Amino acid sequence: MPRLPSSRRGVVWFRWKILITLSAALCILALFSINRHSISTATTTTLSSSLSVARSRIPLVKYSGDRPKLAFLFLARRDLPLDFLWDRFFKSADHRNFSIYIHSIPGFVFDESSTRSQFFYNRQLKNSIQVVWGESSMIAAERLLLASALEDPSNQRFVLLSDSCVPLYDFGYIYRYLVSSPKSFVDSFLDKDKRYTMKMFPVIRKEKWRKGSQWISLIRSHAEVIVNDDTVFPVFQKFCKRSLPLDPRKNWLYLKKRRHNCIPDEHYVQTLLTMHGLENEMERRTVTYTTWNLSAKKAEVKSWHPLTFTSDNSGPEEIEGIKKINHVYYESEYRTEWCRANSKPVPCFLFARKFTRGAAMRLLSEGLLESSIDTTTF
């Protein structure tokens, strides 16, 4: 059998190398596509229960009772690590004045083996979903909490809380503060981060696009708007997605540039209520305090997260400092929001977040949850 010249053999071998490389690349691309499809399918499945809430609309119920409830809605990753503090908080309240709902991972049950407070026994949602940060599943979970709480006509105020939140006052003060106001407390301002995409048009118009804190306190009619929404939520579901790179080592690039992504929980409620023309029915601020690391150098910040309160930085000086805040400045609108409830000046914050167990224990031991101001103004 005649042998090919060495130059010809080199060309043939080079072509084979190209073919093998292309085949390997196609296989990797196909596997990546299958993986993304499976993730997308799983996400769509977990959100189906939330969409069904929108299809079975919550009827408007006019409350005629004389004892409105506060519905405390906990969005938890698993358990409630600060349940011992909340147990003390709820013990000081009339049980007829509040209700509790918890969204945890599917299948997790709050009982004597998983919580130290009987107030949380069996308060988990039966239809909870798997929540992924940066995905629309976050606002889907919020909608499920609101839908469950709306089933009780006595629930007239709805407070969304994380598993690291703590109250800054006793129950009586917080109750009077929220119930006395006819407005929702929703942090809402113009977005300077350019997260809006024209793909959302015409359902969501750019001039209606808003940004703000996820941690809201709603009046009942606004909660009904959110749960009954079957127009805006699907747009967030379609266009607000995490798109992490294939190489996990490059995930930090995504986190660094996430200002260009639509973070659903920072935009959905604010934008939806604005689209419904309800801004005049809102105090455009949150009642949950978060402190951010503004002094860190850009080179040191790979993700934008709030600072954590520990036993070292949660003493009387720090807590009283939070309680004295009476206004919030919004740079994007050159607006100062003076904190009011029922048109009367009040401290801005009722809750604070990112507290460790050590910080929560210090709050209790030093009596920092007691109301230290005149509550007769409500």
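This is a predicted model: local features need pLDDT of at least 70, side-chain atom pairs count only at pLDDT 80 or more; totals for chains, interfaces and linings use all residues.
Colleague: What makes up the chain in terms of helices and strands?

Modeller: There are 10 helices and 15 strands. Residues are numbered from 1 along each chain as its sequence is written, and side-chain values use heavy atoms, with hydrogens and water left out.

Colleague: Why is Met-200 called buried?

Modeller: Buried means under 20% relative accessible area (exposed is over 50%, partly exposed in between; 1.4 Å probe, protein chains only). Met-200 has 1% relative accessibility, so it counts as buried. Across the chain, buried residues make up 47% of the 378 residues.

Colleague: Where does Met-200 lie, and what does Met-200 touch?

Modeller: Met-200 is in the loop between strand S6 (189-190) and S7. Leaving out residues up to four places away in sequence, Met-200 touches Trp-209, Val-235, Phe-239, Cys-240 and Cys-262; contact means heavy atoms within 4.5 Å. Met-200 and Cys-240 are 40 residues apart in sequence, with 10.0 Å from C-alpha to C-alpha.

Colleague: Why is helix H8 (residues 268-275) described as largely enclosed?

Modeller: Seven of its eight residues are buried, so H8 is largely enclosed by the rest of the structure. Among the buried ones are Tyr-268, Gln-270 and Leu-273.

Colleague: What covers the buried residues of H8?

Modeller: The cover includes helix H3 (137-150), helix H5 (220-227) and strand S9 (282-283).

How values were computed: Helices (H or I, at least four residues) and strands (E, at least two) are DSSP runs, numbered from the N terminus.
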